[in-house]
Amino acid sequence: MQPFELVTPVGITEAVELGRAVDAVYLAGGTNVVDFLRTGAMRASTLVDIDRLPLRGIDFDGQRLRIGALTRMSELAAEPAVRDRYKFIAESLELSASAQLRNMASIGGNLLQRTRCLYFRERNFKCNKRTPGSGCAARDGENRRHAILGGSEACVATHASDLAVALVAADAEVHLHGPSGEWTSLLETFYLEPESTPEIETRIGRGDLIVAVSVPPVPGGERSVYLKLRERASYEFALVSVAASVDLDGALIREARIALGGVATRPWRARETEARLQGVALDDSGVLREAAASAFVDARPLRDNGFKVELGTRAIVAAVRQAGGGA
Amino acid sequence: MNARLTVNGRGYTLVLDPRESLLDVLRERLDLSGTKKGCDQGACGACTVHIDGRRVLSCLTLAARCEGKQVTTIEGIARDGVLHPLQRAMVEHDGLQCGFCTPGQIMAGIALLEEGHATTREEIREWMSGNLCRCGAYNGIVEAIERARDEMRDAAV
């Protein structure tokens, strides 16, 4: 591991002052940063230890959920208001990582976690995300786990966070403090597609610090579902995942929210599918399937991951049925 | 940098490089080699310890950040030479073959019992999934946790 300095600011203003330096990285739970510094996939000359800043805790005022950025994954998953009203958020957390990692990892860090693309991790391979301009080993390599949506010539790595998929479905916002003040973004548009600059993954600027995430009410959130399909029964990243909520008007879908993980370069909201589901009967299998398939019209499968189109389509159908209260 | 660590109730004052993981400090500086280094990248669970009562991975924890916290390792589990019920149950139920993952399994298992996520075999398997066993002693490990759960419940009545 390259040497670094570990500094501990006492407040948010001081943290941002330290965090805006070149090669400074914020350190919260450390599960991602410590690992990637060790493998060399990330570099930092200064680690700004933000863990003791007062950014931990969950507040639900009966309408909106506000989550401090340093809240642990395990703490958010256990929160009664989350389990009752945003079931897919709790499920996305408990289907992530392991109990030990969930005790360590922060919510802010989870949203900024780096891809699990093996070529990003291994310094011996080309990777435009790790070393801009070096090329992409995944496009013509082992790409079973890579993206079929939102990719570019430069990068087809998937976004790794399950939580981000559920939060994007929930219309969550992310709140930041930075060198030029406070700002807020819809989480969905906070994430960027790789295009020709895959090293830039979000709208975050140098020194910007996530301080909180807030979530508005989700119609049907109490029955919402996070369906995660993977190659092991547990402790594994998604091949395909679906966050779904369904608000019913009798037997008809009034509003559905669908976001996908494991298939795209960023947490992926399936808006076309949502539009097609409006007014549809939950037991209308043909229309449900067509609506689900519309999420993958623009899919660009690679050598090894064409199966994600069919798997994703079926996963959406299953998640929508479950979120609507059917089998 | 100077740091004062508390491990198994005992205080240690150390000069640390900020890069040193808690795992390396336990094993190489404090002679507490019960905590094992498996993958050193947060994937295997062999290095599981408790910090302030919660199970975490010591390989991804920078030792310098543990100042003021209570670290518990496998060496701090037995009381006056008497094994914890889960340690005993692991022996009785053959919850190990080579034994390398065992300290991590026990530290994760003790936390699991305290968290209350050991009600069914399925729940135990899910909440222990962060601890890999390359020998495949999983059935024995799950049985040992069930046994320790029942024994601790009976003792509490």
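Which residues touch the most other members of the largest nonpolar core?

1. Basis. This is a predicted model, in which local features need pLDDT of at least 70 and side-chain atom pairs count only at pLDDT 80 or more, while totals for chains, interfaces and linings use all residues. Residues are numbered from 1 along each chain as its sequence is written, and chains are lettered from A and ligands numbered from 1 in the order in which they are written.

2. Core. A:Ile89, A:Ala166, A:Leu167 and A:Ala244 touch the most other members of the largest nonpolar core, which holds 146 residues (a set of buried Ala, Val, Leu, Ile, Met, Phe, Trp, Tyr and Cys residues joined through C-beta atoms within 7 Å; buried requires 20 or more other C-beta atoms within 10 Å, exposed 12 or fewer, and partly exposed lies in between, with C-beta atoms placed from the backbone). Helix 9 of chain A, residues 162-169, gives the most to this core, with seven residues (helices are DSSP runs of H or I, at least four residues, and strands runs of E, at least two, numbered from the N terminus).

3. A:Ile89. Leaving aside residues up to four places away in sequence, A:Ile89 touches A:Val82, A:Leu163, A:Ala166, A:Leu167 and A:Ala170 (contact: C-beta atoms, placed from the backbone, within 7 Å).

4. A:Arg116. This residue lies in the loop between helix 7 (107-111) and helix 8 (118-121) of chain A. A:Arg116 counts as partly exposed because it has 13 C-beta neighbours inside 10 Å.

5. Interface. Contacts link 20 residues of chain B with 19 residues of chain A. On the chain B side, strand 4 (54-57) and helix 4 (121-127) each supply at least two residues.

Note on methods. Two residues are in contact if their C-beta atoms, placed from the backbone, lie within 7 Å.
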